[in-house]
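The following paragraphs lead the reader through one protein structure, step by step. Please keep the structure in view while reading.

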Amino acid sequence: MSLYAIGDLHLAFSVDKPMDLFDRVWKNHEKKIEKFWNRRIRPEDTVVLTGDHSWGRNLGECTADLEFIMRLPGRKILLRGNHDMFWDAKKTERLNEQFAGRLEFLQNNFYRYQDYALVGTKGYCYEGWDAPEHFEKLMARELARLRTSFEAARAAGFERYLMFLHYPPTSIGEMESPFTQMAEEYGASKVIYSHCHGRERFDDSFKGYVNGIEYKLVSADYLKFKPELIIKE
Ligand SMILES: [Fe+2]
Ligand SMILES: [Fe+2]
């Protein structure tokens, strides 16, 4: 009954998107994911997948990728990434109905793992090309979604939180952000994020303990495609 996380599987069973163009580590990456997942995850474990699941542009193009995830052992909780075009944030409930008993979609809600509430949203950070108004708008929207998730968990009586983001919690060079401040406000134990690919991006944000919160990067290439243990049973 342990909890694991991994993000950015970037599957493409139905579309032509060879990931090894980016880096050789992505060559046959779906085979690596399958091998290490099957080795590490037992059916009673929970895995949070922190976004960028599929390159498909709609649910039809993502079906084979989601089926691949569904066939892997364990309970699977999915977060939205910036590439998850199949997932309209306003229609999360519909996805939860459609995939009930197979996949769970984390957005404006929370899930339980032991006495922790698993909360989260896609998040956002500055990557060098945003107009200030666009950046502010997306930050505000994601912060509102994250607060909704925390508040739903708190209203249900939870006091311990694990916070998941797709984007790193801070922009490059920042020592704090509204996301780290919210993690501290609610007393989250850990903040788990992905999105950062390649050696030159792995240090974009925090890793390790900052103000008593443990920050973990779980992008698939950073983990060498092995799901990361978050809480041991
Ligand atoms: Fe990604
Ligand atoms: Fe991403």
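**Strands, helices and a hairpin**

In this predicted model, five strands form an open sheet in the order S4-S3-S2-S1-S11, and their pairing is mixed. Strand S4 (104-106) and strand S11 (228-231) are the edge strands, since each of them pairs on one side only. On average, neighbouring strands of this sheet are turned by 30° against each other, direction ignored.

Strands of a sheet pair through backbone hydrogen bonds, and the pairing is either parallel or antiparallel. Within the sheet, strand S2 (residues 46-49) and strand S3 (residues 75-79) pair in the parallel sense, over four bridges.

Helix H1 (residues 29-40) consists of 12 residues, and the distance from its first C-alpha to its last is 16 Å, close to the 16 Å expected at 1.5 Å a residue. Which residues in H1 are buried? They include His29, Ile33 and Trp37. Seen down the axis of H1, the buried residues fall within an arc of 65°, so they line one face of the helix. The spacing follows a general rule: an α-helix has 3.6 residues a turn, so residues three or four places apart point the same way. The face of H1 turned away from the buried side carries Lys31, Asn38 and Arg39, which are exposed.

A further helix, H3 (residues 92-98), contains Leu95. Is Leu95 buried, exposed or partly exposed? A residue counts as buried if 20 or more other C-beta atoms lie within 10 Å of its own. Leu95 has 19 other C-beta atoms within 10 Å, and therefore it is partly exposed. When neighbours within four places in sequence are left aside, Leu95 is in contact with Trp87 and Phe105. The C-alpha atoms of Leu95 and Phe105 are separated by 7.1 Å, although these residues are 10 residues apart along the chain.

S9 and S10 form a hairpin with two residues between the strands, where Asn211 takes a positive phi near 50°.

Note on methods
Residues numbered from 1 in each chain as written. Chains lettered and ligands numbered in written order. Predicted model: local features only at pLDDT ≥ 70, side-chain atom pairs only at ≥ 80, totals over all residues. Pairing = 2+ DSSP bridges. Axes fitted to C-alpha atoms, helices over the stretch in contact; angles between N-to-C directions. Expected span 1.5 Å × (residues − 1). Buried ≥ 20, exposed ≤ 12 C-beta atoms within 10 Å, placed from the backbone. Arc of directions from axis to C-beta. Contact = placed C-beta atoms within 7 Å.
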